[in-house]
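Open the model in your viewer and keep the sequence beside it. The stops below say what to select and what is there.

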Amino acid sequence: MSDLKTHSCEACSPNAPKATEEEKQQLHKEVPDWEILDIDGEEQLHKVYKLKNFVKALELTNKIGELAEEEDHHPVVVLEYGKVAVSWWSHEIGGLHKNDFILAARTDAAFNDMQ
């Protein structure tokens, strides 16, 4: 298995291809704790992180924001007391791209760095 979080994201245009079923299966093995959900006809990677309090949840939220800005690729992030829910998908193509899996892996790494 490769270290997905170290892969480079590529620019994603509206005509970029979505990840194939085979690609999704392979990439999902590297971020197995993430769910692949269909929301309004678009596949998204989704995960909820549990933290000990609001301050830690806010810290993770800010780290995710930094990741998003670095790649100009922005998730949905829901911050609650002791919990952060994150959904990654490529809005431009209406589904999943390799970039989403890379950023899911980086999000896991950011969370793990806080432990």
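Start with the side chain of H46, which reaches the backbone oxygen of V86 at 3.3 Å. This is a predicted model, where local features need pLDDT of at least 70 and side-chain atom pairs count only at pLDDT 80 or more, while totals for chains, interfaces and linings use all residues. Residues are numbered from 1 along each chain as its sequence is written, and side-chain values use heavy atoms, with hydrogens and water left out.

H46 is buried, because its relative accessible area is 17% (buried is under 20%, exposed over 50%, partly exposed in between, with a 1.4 Å probe and protein chains only).

Now select W34, one of the residues with the most contacts inside the largest nonpolar core, which has 26 residues (such a core is a set of buried Ala, Val, Leu, Ile, Met, Phe, Trp, Tyr and Cys residues joined through side-chain atoms within 4.5 Å). W34 is also among the residues that H46 touches (contact means heavy atoms within 4.5 Å).

Last, select C9 and C12. The sulfur of C9 is 9.7 Å from the closest cysteine sulfur, in C12, and therefore too far for a bond (a disulfide is a pair of cysteine sulfur atoms within 2.5 Å). The structure holds 0 disulfides.

Conventions:
Polar contact = N/O pair within 3.5 Å; in protein donor to acceptor, adjacent residues only side chain to side chain. Lists of a residue's contacts leave out its neighbours within four places in sequence.
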